[in-house]
Amino acid sequence: MAVRADLRFSLSALFLATGLAVSCGRAPEVRPAPAPRPELPSVPSGFVMTSYQMAMSEEMQKSYGQADEIMIGIFSGIFKEGKGPSIYYFSDFSLFDKRTFSWSPPFDVIVQVQADPCLPEIIRPQEFKQLLPLDRTGICWDFYEGRRSVYLVEGQKNLIFLKVGLDEASNESVRSLLDAYPVTRECRAADVFNLMIHHLVEGGKEIGAKGLKE
């Protein structure tokens with residue numbers, strides 16, 4: 001009888017030790033679900049960039065990291081008084097959201113943009129109509145002898161990159177022009193920009209305050 005009692009005690013101790021070993025083991029690792037992929041802006045099917053559009057895309061990447069705001073709007077006109085900076089007016093503009101990689105619906109208002117530090121050349125509506133096909137392509141990307149010329153086409157949509165600051169005298173926000181591209185049939189700046197966003201997101205690049213980071 002003493003042997004059976006010892007056996008029962010040994011088995012009970014064995015089950016208790018096994019239970020403690022199982023209960024004290026590491027809990028299974030719970031991995032968070034992958035973040036949902038953002039819905040990227042649409043690009044026309046089959047769109048392939050030309051050599052000058054590829055140059056536009058590379059420059060857009062630099063401006064993207066520096067800009068506080070990015071918008072596409074109709075360039076409505078320019079105002080300049082005395083020695084002050086030129087003020088450009090844009091209407092019916094859409095804003096690009098860097099967090100969601102999406103464009104807003106158009107705003108039916110006019111926004112003022114200061115021509116600094118970028119000083120674009122203005123193409124008036126009648127002048128644009130008279131441009132030769134080669135010149136209409138030339139205003140998309142004009143880089144000569146280490147200097148790039150930037151153009152705004154009046155009466156048409158333009159893609160612009162902006163820096164937003166504060167005017168201490170008036171205590172109002174000021175938008176300054178960093179970069180610009182005409183959204184014309186030849187330039188297709190909106191499609192180039194949207195395709196650039198696809199490459200950035202799918203390529204896994206992080207966009208820092210001063211540009212792109214791997």
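A salt bridge is a side-chain nitrogen of Lys or Arg within 4 Å of a carboxyl oxygen of Asp or Glu. The structure holds eight salt bridges, and three of these pairs are described below. This is a predicted model, in which local features need pLDDT of at least 70, side-chain atom pairs count only at pLDDT 80 or more, and totals for chains, interfaces and linings use all residues. Residues are numbered from 1 along each chain as its sequence is written, and side-chain values use heavy atoms, with hydrogens and water left out.

**Arg99 and Asp97**
- Arg99 forms a salt bridge with Asp97, and their closest N and O atoms are 3.3 Å apart.
- Arg99 is exposed at 73% relative accessibility, while Asp97 is partly exposed at 23% (buried means under 20% relative accessible area, exposed over 50%, partly exposed in between, with a 1.4 Å probe and protein chains only).

**Arg124 and Glu154**
- A salt bridge joins the side chains of Arg124 and Glu154, at 2.6 Å from N to O.
- Arg124 lies in the loop between β5 (121-123) and α3 (125-130), and Glu154 in the loop between β8 (151-153) and β9 (157-167), so the pair ties together parts that are 30 residues apart in sequence.
- Helices (H or I, at least four residues) and strands (E, at least two) are DSSP runs, numbered from the N terminus.
- Arg124 is partly exposed at 39% relative accessibility, whereas Glu154 is buried at 16%.

**Asp179 and Arg148**
- The side chains of Asp179 and Arg148 form a salt bridge of 2.8 Å, N to O.
- Asp179 belongs to strand β10 (residues 172-182) and Arg148 to strand β7 (residues 147-149), so this pair links parts that are 31 residues apart in sequence.
- Asp179 is buried, with a relative accessible area of 3%, and Arg148 is buried, with 16%.
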